[in-house]
Amino acid sequence: MKKITKIISAVLCVLMLVPCVSAVEYKNSRTYNGQFTDISESDWFYSNVVDAYSLGIINGKSETVFAPEKTLTIAETIKIAAVCHLLLSTGEIDERAFTSADPKWYAGYLAYSFKNGIVTEEYEDYNAPALRCQVAVLFARAITSSGVTMKNLNNADFGKLPDVPSTAWYAGAVYKMYNWGIMTGSTSEKINPTTSIKRSEISAVIMRMIDPDERITVGDDNDDTSDDGGIVDTPPVVSSPKITLYSGDHVSKTFVGITAFGGSFKVADSAASINESYSIDLADDIILEKNNISFKLYKGEGYEALGIVRGWMNEAACGVNGQYICTPDKVIEKANDLLRIRIDGKQYKVTEIWYADHGDYTTYAFYFSESLSTTNVKSVEFVCGKITSDKLRSNGKSLLAALLDETEDTTDITLGGEEKSDYELELSNAKDDAYDIIFEHETERCTILYGRGLYGRDLNEYRLIFVFRDGSTQTVSTEKLDEIRMSQNGDVLYYTLTAPDEKSIQYGVNFN
């Protein structure tokens, strides 16, 4: 995810972790015998270049020239990130993993990177110089996707690095790389994110990524400042720990119209236990940080139970895969309709939703309007999606129902002293006695409703209807749908159902 301003920081926290691997476990794939005539042992980067070359991660520009001052291209950065990912994942480099029929030299590395979530976007020019921010994003994804645990050596809060705006699409990745001790900037705490990176500098980044002993602890007087980013002579800032509320186990449930999930948790010493939950087994890696809560939703066959919720979140997001798709102010209301969260008795408002697509799963992150200290958190309650407190209470979820009771709209038939319009009355009539509103979306022309028991009908009767502005309605389908969602720009409704021959049929309704 180009940005993962936020969303990267969420992704980095929620992926499965395995023990960190030391570079000494990797075997050199070739021997360095002093063949590069343009580097010497007195150069700050000498050992990094030699080690990265010996491991087979980076090549010279020729048999005798390394070109340490030459800038790295985007294609070269993707290639190195892919090779590092393979080495971290398997302990060896097998070039067969990068084979491709495409004649472009980097095509195999690019395909591997797309497959493993390192690259999630197309670049206009793969031969353009790579910027430091792009390096941070690609390498952070490679580390995350490899499953290697990274220990925070530095604890910089957002805002500490003077030239990395917290709203920048790359901010989350840069702060992760900084805190991991891989890209720590200059002595003035500057990362220079929008400048290009040299081959000498990328060699240092490679070895810090591969070998924990090479990583930099900011403020450690035993380390030497280097041209690529050495040391900052200030003590690290202490940040709040992440709290894993629920790990999950990839529960397989097909699309059944579940429109919410949530849980009430007791927290002690940054470890959480569940007091009460609703459909929480459908999400994975639910993690609370000081300014966001994030989780993973798996997709594809057998993982579509929260497909409706996924559609709502995608529609309400202000950013996806590192790019803004709308301004945060336009999504605040929708975001707070989708997430109700109370921490130690205090409700937190949501300002942004970001998500990142990783193929088999999507990572979502809801960002709070204010930061909190997770160090002493005792309780967390949240509901994500759309569900009534009455329904939660009828399922025995009194704690979660109480959370919604605090924020649910209690407006009655008048709005500001005026009677409801025909449209508002019809919408209210359709929903009031419904058993389950599975999908709801408002367009300029009408509101789309899909659910069971609309207008108080039989609870096993599914119905997709449009409620138009003049109060008229149109029934579009009376079938149980396999999937329903809006396009990213909100112009097209897609819904899928199973035909008598057991094959799926997808319909699209264009509202323009």
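Visitor: Which residue in strand 20 does Arg-485 stand opposite?

Guide: Strands here are DSSP runs of E with at least two residues, as helices are runs of H or I with at least four, both numbered from the N terminus. Two strands pair if DSSP finds at least two bridges between them. In this case Arg-485 stands opposite Tyr-494 in strand 20. Strands 19 and 20 pair in the antiparallel sense over 4 bridges. This is a predicted model, in which local features need pLDDT of at least 70 and side-chain atom pairs count only at pLDDT 80 or more, while totals for chains, interfaces and linings use all residues. Residues are numbered from 1 along each chain as its sequence is written, and side-chain values use heavy atoms, with hydrogens and water left out.

Visitor: What is the strand order in the open sheet of 3 strands?

Guide: The order is 19-20-21, with antiparallel pairing. Strand 19 (483-486) and strand 21 are at the edges with a single partner strand each, so one side of each has no neighbour in the sheet. On average, neighbouring strands of this sheet are turned by 15° against each other, direction ignored; axes are lines fitted to C-alpha atoms, for helices over the stretch in contact, and angles between N-to-C directions run from 0 to 180 degrees.

Visitor: How many aromatic pairs are there?

Guide: Rings of Phe, Tyr and Trp (its six-membered ring) pair if their centres lie within 6.5 Å; planes under 30 degrees apart are stacked, over 60 edge-to-face, and the rest tilted. By this rule the count is 27 aromatic pairs. Among them, Phe-98 and Tyr-112 are edge-to-face, 5.0 Å centre to centre with 70° between the planes. Phe-98 lies in the loop between helix 3 (74-90) and helix 4 (107-115), and Tyr-112 in helix 4, 14 residues apart. Both residues are buried, a term for under 20% relative accessible area, with exposed over 50% and partly exposed in between (1.4 Å probe, protein chains only).

Visitor: Is the pair of Tyr-495 and Tyr-507 stacked or edge-to-face?

Guide: This pair is stacked, at 5.1 Å centre to centre and 20° between the planes. Tyr-495 is in strand 20 (residues 492-498) and Tyr-507 in strand 21 (residues 504-510), so the pair ties together parts 12 residues apart in sequence. Tyr-495 is buried at 7% relative accessible area, whereas Tyr-507 is partly exposed at 35%.

Visitor: Which ring does the charged end of Arg-199 sit over?

Guide: A charge sits over a ring if NZ of Lys or CZ of Arg is within 6 Å of the ring centre and within 35 degrees of the ring normal. The ring under Arg-199 is that of Phe-66, with the charged end 4.4 Å from its centre.
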